[in-house]
Structures are given as C-alpha cells and as structure tokens.
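Please read these points with the model open beside you. They are notes from one pass through the coordinates, in numbered form.

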Amino acid sequence: MSQFENLDLKGFNQKYYDLEQTKFDQFQNNNGFMFLQRNGQRIYGGPPDGWQGPAPSRGCEVYVTRIPRDCFENELVPIFSKVGPVYEHRLMMEHTGVNRGYGYVRFTNIEDAKEAIKRLNNFEIRPGRYLVVTKSVDNRRLWVNGIPKNRSGKEIRGEMERLTSGVRDIILYPSQADKSKSRGYMFVEYDSHRAAALARKKLVQGSMFLFGQEIGQVDWAEPEHEVDEETMSTVKILFVRNLMLSTTENTIRTCLTNWEITV
C-alpha cells in the first residue's frame, strides 16, 4: 500500500501530491529499502546489504533539523549516504503529509556520525536553506521509581520485558540498610531510543503494576556522557560510587590491584 494513500489531502495540492508519490515510489524501487510509517514518523532503511550482528551502538545517530517541510527521503538519504552507509532514517511527519522539519539519521558506526556533523552541519540543501546537523542525545535509559524492594533484578527484568519491548538491562542499587533489598527504584536500559520512548509513553499513560505494586514515577534518566578516546587517555582519577558503609580504602585498593590498575 502506498505510503501516501492514507494522507489527509485537505489543502494539499493534488499536483504536488502526485509528483511526490512518483518520486517516493521511484526512490523506493531504486534503493530496495522498506518504508514504515508509525507513531508520527516515517522510517526508512533497516540493516544495509551485508549487515551482520546487532544494531549500531549509541553514538551512531545524528539529529537533523531545519529540513524544508516538503523535503523527503529521496533528497535527504543520498546526501547522508555520501558520508557512509545509512542504517536507518527517521523523518517526523505531520498528518497532512509534510514533514515536521526534523528527523534522525543512524549510521553504522560512530566515526561516520561524527563526520556527518562536520560535513553536513550548515549544508545548503536548497538555495538559502541550510540543514542543522548535531549529535543525537540517543537516550536509551529510563528511571523508574516505586518498584518492589524485595524482588531481584532477574524477577524485575522478566516483568519489564512483559510490559515493554526492547529491554536490554535492569540496574538496581541495594539499600544501604539492608543489602537483600533494593532502594525502590531502577534504571531500565533499552535497545534503542525509540524503544525507550515507547516504553516511557506506555508506562506513563496507564497504571502499571510490578508484582501487585503500582509503578510510581517514570522519567528519562540523565544521559550518560560519552567521552572520546583522546580525552580518556588523559584521565588519571576514577570515581567509585555505591560503596557499602563498611568498605575500607584497603578493600578498594585490593580490588583495583586485582584488575591490574595502578593505584
């Protein structure tokens, strides 16, 4: 079925509609990629030919804004493909068929994403129209409060996988008073920003229960700061958190020594 077939064409020029439909079909046929439209966004791509293994890691995606409202994949994807293979292109859409002026491009590796920012930020896509290309936050982690304190990470994960899709990891912190219990909150890591966003939407909208206890507040966790290798090579001090009150300096020194870290 055509991606344009269900658009609300009120106020949408029919001649323009027919032209964009033709461009869209031709571009899809020439590239062999699939399109999917859902949740207000049109998704182009999937793994490129020959791709093996999991989806690209965090840091491979860029945020693109100031896109002309009548600009679509047939113009955008070839531009970004000049930098490197595009794993996925997501364009935010209005119900009228025009885009919302921004989207996301995920490359297959971090280096291509960095190069796209260097080369395509302020790129003149049309006369007098310049794209803004920046690093995507790509936050994949939610903070969930009000969970049962007497359940293990394995049990909690099983329930979260039942309630939401794309769960990659569950992070619990033990109570300082009783190590057999958690602190009543957790961090949930998802496979992608999109999976985390859909999970947040579902958990916020309705009453959700874990082992009979209603989940409390759900929000985005503070994004992890990504540090490049050059900066990390200069780091000489480690910050260690979540220590037990009984942990001594000698205990820490022994652990780090066993990991062959010079203290």
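1. Glu 161 and Arg 157 form a salt bridge, with the closest N and O atoms 2.8 Å apart. The term means a side-chain nitrogen of Lys or Arg within 4 Å of a carboxyl oxygen of Asp or Glu. Both residues lie in helix α4, 4 residues apart, about one turn of the helix. Helices (H or I, at least four residues) and strands (E, at least two) are DSSP runs, numbered from the N terminus. Glu 161 is partly exposed at 39% relative accessibility, and Arg 157 is partly exposed at 28%. Here buried means under 20% relative accessible area, exposed over 50%, and partly exposed in between (1.4 Å probe, protein chains only).

2. A word on provenance. This is a predicted model, where local features need pLDDT of at least 70 and side-chain atom pairs count only at pLDDT 80 or more, while totals for chains, interfaces and linings use all residues. Residues are numbered from 1 along each chain as its sequence is written, and side-chain values use heavy atoms, with hydrogens and water left out.

3. Stay with α4, residues 153–163. Which of its residues are buried? They are Ile 156, Glu 159, Met 160 and Leu 163. Seen down the axis of α4, these buried residues fall within an arc of 100 degrees, so they line one face of the helix. The arc is taken from the directions between the helix axis and the C-beta atoms. Lys 154 and Arg 162 are exposed on the other side. The cover over the buried residues of α4 includes β10 (167–174), β11 (182–190), α5 (193–205) and β12 (209–210).

4. Other salt bridges deserve a look. The count by this rule is 14. In one of them, Arg 126 pairs with Asp 70, and the closest N and O atoms are 2.6 Å apart. Arg 126 sits in strand β6 (residues 124–126) and Asp 70 in the loop between β3 (61–65) and α2 (73–81), so the pair ties together parts that are 56 residues apart in sequence. Arg 126 is partly exposed at 22%. Asp 70 is partly exposed at 30%.

5. Two further cases. Arg 151 and Glu 155 meet in a salt bridge at 3.4 Å, N to O. Arg 151 is partly exposed at 30% relative accessibility, and Glu 155 is partly exposed at 33%. Arg 58, Arg 141 and Glu 189 are linked in a network of salt bridges.

6. Now the cores. A nonpolar core is a set of buried Ala, Val, Leu, Ile, Met, Phe, Trp, Tyr and Cys residues joined through side-chain atoms within 4.5 Å. The largest has 20 residues, and those with the most contacts inside it are Val 62, Val 64, Phe 80 and Phe 107. The elements giving two or more residues to this core are β3, α2, β4 (86–93), β5 (99–107) and α3 (110–120). Apart from it lies another core, of 19 residues, among them Met 160, Ile 170, Ala 195 and Ile 215. Met 160 is also one of the buried residues of α4.

7. Contacts (heavy atoms within 4.5 Å) need a check at two places. Not counting residues up to four places away in sequence, Val 62 touches residues including Phe 80, Tyr 104, Phe 107, Ile 117 and Val 133. Ala 55, in the loop between β2 (41–45) and β3, is partly exposed at 37%. Leaving aside its neighbours within four places, Ala 55 is in contact with Tyr 87 and Arg 106. The C-alpha atoms of Ala 55 and Thr 108 are separated by 8.0 Å, although the two are 53 residues apart along the chain.

8. Val 137 is worth a click. Its place is the loop between β8 (132–135) and β9 (141–145). Val 137 is exposed, with a relative accessible area of 57%. From Val 137 to Gly 59 is 8.1 Å, C-alpha to C-alpha, across 78 residues of sequence.

9. Whole-chain figures, for the record. The chain has 7 helices and 14 strands. Of its 263 residues, 37% are buried. Among contacts with a separation of 6 or more, residues 24 or more positions apart account for 66%.
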